[in-house]
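User: I am new to this structure and would like a close look at one part of it. Please start with that part and then set it in its surroundings.
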Amino acid sequence: MARIEINGLTKEFTGLTALDSVDLSLEKGQIVGLLGPNGSGKTTLIKILNGLLKPTAGTVLINNMTPGIGTKKAVAFLPDRNALPEYMTTDQLLELYQDFFEDFNREKAEAMIADLGISTSQQMKKMSKGTKEKLQLCLVMAREADVYLLDEPIGGVDPATRDYILRTIISNYNEDALVIIATHLISDVESVLDDVVFIKEGRVVLHKPAETIREETGESVDQLFREVFRC
Amino acid sequence: MLGKLLKYEIPALGRSLMPLYIGWTATAVLLGLAVGPLSSTSDFMVIVTGMMYSAVATAVVVMAVVMIIQRYKNSLLGDQAYFYQVLPVSAAEHIASKSISALVWILLSGVAMLLTGLVIALFSGELLKISLPELFRALAELKLSGWLTVLLSIIALAFSITKSILGIYAAITIGHQVQKHTVLASIGAYIGVLTFETCAGRILFAPISRLWYRLDDLASFNLIMVVAILVSAALGAVYFFICRYLMENKLNIS
Amino acid sequence: MDWKFRNGIPIYLQIIDEMTMRIASGAYKPGEKLPSVRDLSMEAGVNPNTMQKAMAELERKKLVFSERTSGRFVTEDESVLKELHEELAKKYFAELSEKLTKIGMTGEEIAEAIRSWLEELR
């Protein structure tokens, strides 16, 4: 059984089909790029995986469970916006994560926070945008989860932070976890990916290992992406 | 998990309300002084401090209501849902934690009001004029049946408050089913909730309607309170299940 | 050490090339313990499975060997290293001669040019 198994997944909003019978099977031990331009259905898919949206039709199974409490215990989600209570300090947020997530490794989070020089006593709302993003990433990656769902983890961060984030994803790699990186900044992440999934207008148009793409086409994933999604 | 939610939920509301309580107490001190030791010259100080006191009192009520609505809306249906709704917690626990913390802070606001009253009495010197033996005699006269009535009234109040909170939550949750004009839809839903409540109340209270004319009779009053508790519990349960059903099956975070 | 990858070529092949160069040039000495796959992946900024695949290929070529508990080491087998040098030399000569032939030089002219260039160096 794959870690994530999606069959005939459809999501309709009034006057819009955001996902159109998507089939997708993702195995553990992989870092998968979920790639598509804005409005392709990426975010809708991520929300459904997190239980923030309910599908119109089709099924989603994570660890063989439909999204709910069971899957929320197993999925570490990094949203594309800051949703943490900003009045809390780093220390309070560490406690919050520890309270709610059994798989949270506090020592690991503290080590990452120290690495990045983030203050532990400062309120989150007083931090710079970049620091907030880094802190969020530390909290999410310090979970020992089965699935990491990272929505635009490198959107709008400086190159040094981007490198740190990518290195964190690599160093955190383990054979039992599935890491999904949803992004449209492909050239930055492509060397980190095992598999690549292209989403276009609510459909999966390609699902292949990145190395196979390079081998078969003689192009980078980024170049292929530009061709597939040419306006 | 409910306990853990409350650990964060109750302080979250308190952050906005505690400073107001402190301000409220401060205006109570001023009002007390203006009424008591400083009252000799003119009424001006009494009017000013009285207005300050009522302004803060209003602010507490408005703030409490706004915060209760905001907390629910933002953390379960708005932007912060990206954190709260991915916690491994059931919809029922989320709704319960919001309702309980809202009830706690409404009751605490009531207690704060009583305390500001005491503060006024204390600083104006009126408190010292109350004779303790007389007070105890008055309390003793309440007897067991009297205390039962007090207890029932408080429980009825708590149930009624919780029911009203859940009614607001239900309206907000229904409103969020609409993708555009969510606020308008929520207000519309709330009008629906109020209409439903009036009708349901009329039907459920009908069997004991004649008791309303005998409120001076403690037994009838107690009975009304019991029925009120049951009615609030029934309506509250309906609202709770509406919220839970929509959150479990129709959640739609944009 | 900096890693740079070119577009459109499988990354594991580029890692093999880079590691081969490092071994041939002595950046990794014979018998030296290599960093773990995780550390190498982090250093290169690549997927750990890709790095693992490249390492397996280097092992197959006998340039590195792994000991079950202690990690992965550069080969100490001189014949393998000698072969590697010869292979690389051949490859570079091939590239050089291809370019020079393209600009119209004959084999003898190339040999002569190399000889005089080496003398100049001295």
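In chain B, what percentage of the contacts with a separation of 6 or more is accounted for by residues 24 or more positions apart?

Analyst: The model is a predicted one. In chain B, 78% of the contacts with a separation of 6 or more are between residues 24 or more positions apart. The elements behind this figure are helices: chain B has nine of them and zero strands. Its pattern along the sequence is accordingly α-α-α-α-α-α-α-α-α. The C-alpha atoms of chain B occupy a box of roughly 65 × 45 × 35 Å, taken along the principal axes. Of the 254 residues in chain B, 31% are buried.

Chain B is divided into two domains, with domain 1 covering residues 1-130 and domain 2 covering residues 131-254. The C-alpha centres of domain 1 and domain 2 of chain B are 21 Å apart. Where the two domains touch, domain 1 of chain B contributes 17 residues and domain 2 of chain B contributes 19 residues. On the side of domain 1 of chain B that touches domain 2 of chain B, the elements giving two or more residues are α2 (44-77) and α4 (91-124) of chain B. The largest share of that side comes from α4(B), with nine residues. Sorted by class, the residues on the side of domain 1 of chain B that touches domain 2 of chain B are 13 nonpolar, two polar and two charged.

Chain B also touches chain A. This contact takes 19 residues from chain B and 20 residues from chain A. On the side of chain A that touches chain B, the helices α1 (42-50), α2 (69-74) and α3 (90-100) of chain A each supply at least two residues. That side of chain A has 11 nonpolar residues, six charged residues and three polar residues.

Chain A, unlike the part just described, calls for a look at its strands. Strands of a sheet pair through backbone hydrogen bonds, and the pairing can be parallel or antiparallel. In chain A, six strands form an open sheet with mixed pairing, in the order β5-β6-β7-β3-β8-β9. The edge strands of this sheet are β5 (75-78) and β9 (203-209) of chain A, each of which pairs on one side only. From one strand to the next, the twist averages 15°. At the β9(A) end of the order, β8 (residues 195-200) of chain A pairs with β9(A) in the antiparallel sense over six bridges. One residue pair there is A:V197 with its bridge partner in β9(A), A:H207.

Helix α5 (residues 129-141) of chain A lies across β5 and β6 (147-151) of chain A, and its direction is at about 175° to β5(A). Helix α9 (residues 221-228) of chain A lies across β3 (30-35), β8 and β9 of chain A, and runs at about 15° to β8(A).

Strand β1 (residues 4-13) of chain A runs antiparallel to β2 (residues 16-26) of chain A, joined by seven bridges. Within that pairing, A:I4 stands opposite A:L26 in β2(A). The two strands β1(A) and β2(A) form a hairpin with two residues between them, and A:G15 in the turn has a positive phi of about 75°. Strand β1(A) is also joined by five bridges to β4 (residues 57-62) of chain A, and these two run antiparallel. Here A:E5 stands opposite A:L61 in β4(A).

Chain C remains. Chain C has five helices and two strands, which follow one another from the N terminus as α-α-α-β-β-α-α. The C-alpha atoms of chain C fill a box of roughly 55 × 35 × 25 Å, taken along the principal axes. Buried residues account for 19% of the 122 residues in chain C. Of the contacts in chain C between residues at least 6 apart in sequence, 54% join residues at least 24 apart.

Key:
Residues numbered from 1 in each chain as written. Chains lettered and ligands numbered in written order. Predicted model: local features only at pLDDT ≥ 70, side-chain atom pairs only at ≥ 80, totals over all residues. Pairing = 2+ DSSP bridges. Helix = DSSP H or I, 4+ residues; strand = E, 2+ residues; numbered from the N terminus. Axes fitted to C-alpha atoms, helices over the stretch in contact; angles between N-to-C directions. Contact = placed C-beta atoms within 7 Å. Nonpolar A, V, L, I, M, F, W, Y, C, P; charged D, E, K, R; others polar. Domains from an automatic or database assignment. Buried ≥ 20, exposed ≤ 12 C-beta atoms within 10 Å, placed from the backbone.
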